Amino acid sequence: MTLEDKLTVPTEATTLSSWALAICRTIDSYGVESGELLQQVGINPTLLQDPNARIPTKLVTQLWQLAVVTTGDESIGLKVANFVQPTSFNALSFSLLVSESLLDAWERVKRYYEIISNVLEMKIERGEKESALCFIRLPEKHYADEAIDAFMATNLSISRQISHGQLQPSKLELERATPINLSPFHSLFLCPIEFNSDGNRIYFTNEALNIPFPSANRALALKNDLAVEEYLAQLSTQSFSSKVAKEIVIAMSLDNPERESIAKTFHMSSRNLQRKLKHEQTSFSELLDSIRKDLALKYILNSEVAIIEISFRLGFKDPSNFTRAFKRWYQKSPLQYRKQK
């Protein structure tokens, strides 16, 4: 059983209410009454005041459609970044602000994007000279083009804010049709833009991705990650094993992925934790091994992360133990596997 088999996600597509609030503030800036549009699509305005509330994405998509029609601006999504607040994405916003680099921030966005919306998943495509943050459409999930415009603009805004204006994308690819007025897109992104693309990707050079952020604070980032994990745990009904898996991931970042310490987070004994996992046809050691195997492959494909650092990130106290485990998983040593890629 893979790690993915152990984790579940909500079947209904939903979006964080604070994202809808940013959309409404954007609509209001055009002199259009956003409350009337909320009423038309059936969104309860009181939900926008609850930072943890979720709104069906199909209703948010309808809100986007009305916003374009009533404002007459097909680039309205780009303006949303101006109304995103530091608290808009729950604790994730703070984690991004204290990330070590743009690449570190991207890893968090990829891991925690479900907080914002579960119609997409994030992927990082690494290239020789530049890399891309990709917005991947999930099967049978739909979203508005303007939502992608808004996500891209927000990504850019946060990148520039954290780097004190040092970062500039090298290229942008959008699935959406070419807009009639290209000026808002080019004046904002200041880079080549390809419309009617086969995906949604924003590119930065690898050098830019690894520029240290002045506001980096690893300890604070980890604390905020914990808050993000707590929110995700409440987001959907999950199996007990998936909750344990998430606690293992957190514990690994703190160098303590041990069964006894994980059991304490659930206020139970180590034996009771094992018993509950057995009911779901798994065990703590199987979960830990599966998570380490998945993460090890992701880390080893990133040539900029030293192998010894990977072993510590995965909670191995001795790097030689990581090497033995990697050989068991992939029939090659970490160094051999990295060289062949």
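Visitor: Which residue in β6 does Glu173 stand opposite?
Guide: Glu173 stands opposite Glu194 in β6. Before going on, note that this is a predicted model, where local features need pLDDT of at least 70, side-chain atom pairs count only at pLDDT 80 or more, and totals for chains, interfaces and linings use all residues. Residues are numbered from 1 along each chain as its sequence is written, and side-chain values use heavy atoms, with hydrogens and water left out.

Visitor: Fine. How do β5 and β6 pair?
Guide: In the parallel sense, over two bridges. Strands here are DSSP runs of E with at least two residues, helices are runs of H or I with at least four, and both are numbered from the N terminus. Two strands pair if DSSP finds at least two bridges between them.

Visitor: What's the strand order in that sheet?
Guide: The sheet is open, with five strands in the order β3-β4-β7-β5-β6 and mixed pairing. β3 (120-126) and β6 (193-194) are at the edges with a single partner strand each, so one side of each has no neighbour in the sheet.

Visitor: And β7, which strands does it pair with, and in what sense?
Guide: β4 (residues 130-137) pairs with β7 in the antiparallel sense over six bridges. Across from Asn200 in β7 you'll find Phe135. β5 also pairs with β7 in the antiparallel sense, over three bridges, and Leu172 has Ile202 as its bridge partner in β7.

Visitor: Why is β7 described as largely enclosed?
Guide: Because five of its six residues are buried, β7 is largely enclosed by the rest of the structure. Buried means under 20% relative accessible area, exposed means over 50%, and partly exposed is in between (1.4 Å probe, protein chains only).

Visitor: Back to Glu173. What does its side chain meet in a salt bridge?
Guide: Arg201, at 2.6 Å from N to O. That pair links distant parts of the chain, with Glu173 in strand β5 (residues 171-173) and Arg201 in strand β7 (residues 200-205), 28 residues apart. A salt bridge here is a side-chain nitrogen of Lys or Arg within 4 Å of a carboxyl oxygen of Asp or Glu.

Visitor: Are those two buried or exposed?
Guide: Glu173 is buried at 8% relative accessible area, and Arg201 counts as buried at 13%. They also belong to a salt-bridge network with Glu125, Glu130, Lys171 and Asp198.

Visitor: How many salt bridges turn up in the whole structure?
Guide: A search finds 14. One of them joins Asp104 and Arg108, with the closest N and O atoms 2.9 Å apart. Those residues are about one helical turn apart, because they sit four residues apart in helix α6 (residues 102-112). Arg108 is buried, at 8%.

Visitor: What about Arg313 and Glu309?
Guide: Their side chains meet in a salt bridge too, at 3.3 Å from N to O. Being four residues apart in helix α15 (residues 307-313), they are separated by about one helical turn. Arg313 counts as partly exposed at 33% relative accessibility, and Glu309 is partly exposed with 33%.

Visitor: Switching topic: how many disulfides are there?
Guide: The search of the whole structure finds zero, a disulfide being a pair of cysteine sulfur atoms within 2.5 Å. For Cys191, the nearest cysteine sulfur is that of Cys134, 14 Å away. Cys191 is buried, at 8%.

Visitor: What's in the largest nonpolar core?
Guide: It has 69 residues, and Trp64, Phe151 and Phe189 have the most contacts inside it. α7 gives the most to this core, with nine residues. By nonpolar core I mean a set of buried Ala, Val, Leu, Ile, Met, Phe, Trp, Tyr and Cys residues joined through side-chain atoms within 4.5 Å. A second, separate core has 26 residues, including Leu273 and Phe326.

Visitor: Last one: where's Ser159, and what does it touch?
Guide: Ser159 is in helix α7 (residues 145-162) and is buried, at 2% relative accessible area. Leaving out residues up to four places away in sequence, Ser159 touches Leu102, Leu167 and Phe204, where contact means heavy atoms within 4.5 Å. A polar atom of the Ser159 side chain also lies 2.7 Å from the backbone oxygen of Asn155.

Methods. A polar contact is a pair of N or O atoms within 3.5 Å; within protein, one must be able to donate a hydrogen and the other to accept it, and residues adjacent in sequence count only if both atoms are side-chain atoms.
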